[in-house]
Amino acid sequence: MAGTNKKNKLISNSPCIILKDPQLPENIGMCARSMLNYGFSDLRIVNPKKTFPNDRAISASAGAFDKIVKHTRVFSKFEEAMKSVQILFATSVRVRDLEKNILTPREAIKLIINKYKYRKIGFLFGPEKAGLNNTDLSEANFIIQIPT
C-alpha cells in the first residue's frame, strides 16, 4: 500500500469532495488519504451511515485526517454541503437518461482549466452500494462518467 504524503502543501482554493451517504468508514479514510496526496483538503461528508469521526476512518486515512481534519465537515443534508459550491460535477459509472452534459474525467479537467478555474468546484460521489440516484445527479452541472 502506498504511503500518505503528509508534507504535501494544501491547495488553498482546492475543489471540495462531497461523499453522499457513505457506508464504510474505511472509504472515508481512504478518500481523505488520496485527497491529501493531491493537496486537497475540503472534504464534505453527507449523512454517513456510521458516526464520523470514527476509529476505522481515521485508521484508513493513514494520518491524512491529522492534516485535513479542520477542513472536514459532516452535514445531515446535501443542500447544506452545497452552499459554497458554484459548479458541481457528479460521478456515475452507469449511463443515465438525463439531459446533462456527460464528460469523461479528462474532458472534465479540461473544462475546469479552461472555463471554471477560479470557481468553487465540487465533486460528488455516491454511496458504495448503488452510487448516486437520478435526483442527486440532476443537481449537478455536469456528470463525469468514469469508465471502469
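Predicted model: local features only at pLDDT ≥ 70, side-chain atom pairs only at ≥ 80, totals over all residues.
I18 stands opposite R44 in strand 2. Strand 1, residues 16-20, runs parallel to strand 2, and four bridges join them. On strand 6, the bridge partner of I18 is L124.

Another point of contact between them is C16, whose bridge partner in strand 6 is G122. Strand 6 in turn pairs with strand 4, residues 87-92, in the parallel sense and over four bridges. There I87 has I121 of strand 6 as its bridge partner.

These pairings are part of a wider arrangement. Seven strands form an open sheet with parallel pairing, in the order 3-2-1-6-4-7-5. Strands of a sheet pair through backbone hydrogen bonds, either parallel or antiparallel. Which strands stand at the edges of this sheet? They are strand 3 (72-75) and strand 5 (101-103), and because each has a single partner strand, one side of each is left without a neighbour in the sheet. Neighbouring strands are turned against each other by 25 degrees on average, direction ignored.

Helix 1 packs on this sheet and touches strand 1 and strand 2. The direction of helix 1 makes about 160 degrees with that of strand 2. Strand 2 itself is covered on both faces: L43 and I45 on one side, and R44 and V46 on the other, are all buried. Strand 6 is largely enclosed by the rest of the structure, because four of its five residues, 121-125, are buried.

The sheet is one part of a protein that has six helices and seven strands. From the N terminus on, the elements run β-α-β-α-α-β-α-β-β-α-β-α-β. Of the contacts in the protein with a separation of 6 or more, 85% are between residues 24 or more positions apart. Buried residues make up 44% of the 148 residues. The protein exposes about 8800 Å², of which carbon and sulfur atoms supply 52%.

The next topic is the interior. In soluble globular proteins, nonpolar side chains tend to be buried together. Here the largest nonpolar core has 24 residues, and those with the most contacts inside it are I17, I28, L43, F65, F89, I121 and F123. Elements that give two or more residues to this core are strand 1, helix 1 (25-37), strand 2, helix 3, strand 4, helix 5, strand 6 and strand 7. Helix 1 supplies the largest share, five residues. Apart from this core lies another, of 15 residues, among them F75, L88, L137 and A140.

Leaving aside neighbours within four places in sequence, F89 is in contact with L103, A108, L111, I112, I121, G122, F123, L124, F142 and I144. Two of the names in that list, F123 and F142, return in a cluster of rings: ring pairs link F89, Y116, F123 and F142.

How many aromatic pairs does the structure hold? There are four aromatic pairs in the structure. One of them is formed by F52 and F65, which is tilted, at 5.2 Å centre to centre and 55 degrees between the planes. This pair links distant parts of the chain, with F52 in the loop between strand 2 (43-46) and helix 2 (55-60) and F65 in helix 3 (residues 64-68), 13 residues apart. F52 is buried, with a relative accessible area of 14%. F65 counts as buried at 3% relative accessibility.

The rings of Y116 and F142 have their centres 6.0 Å apart and their planes at 55 degrees, so this pair is tilted. Y116 lies in helix 5 (residues 105-116) and F142 in strand 7 (residues 142-145), so that the pair links distant parts of the chain, 26 residues apart. Y116 counts as buried at 9% relative accessibility, and F142 is buried with a relative accessible area of 9%.

Definitions and conventions. Residues numbered from 1 in each chain as written. Heavy atoms only, no water. Buried < 20%, exposed > 50% of the residue type's maximum accessible area, 1.4 Å probe, protein only. Pairing = 2+ DSSP bridges. Phe/Tyr/Trp six-rings, centres within 6.5 Å; stacked < 30°, edge-to-face > 60°. Contact = heavy atoms within 4.5 Å. Areas by Shrake-Rupley, 256 points an atom, 1.4 Å probe, with all protein chains shown as cover. Core = buried A, V, L, I, M, F, W, Y, C linked by side-chain atoms within 4.5 Å. Axes fitted to C-alpha atoms, helices over the stretch in contact; angles between N-to-C directions.
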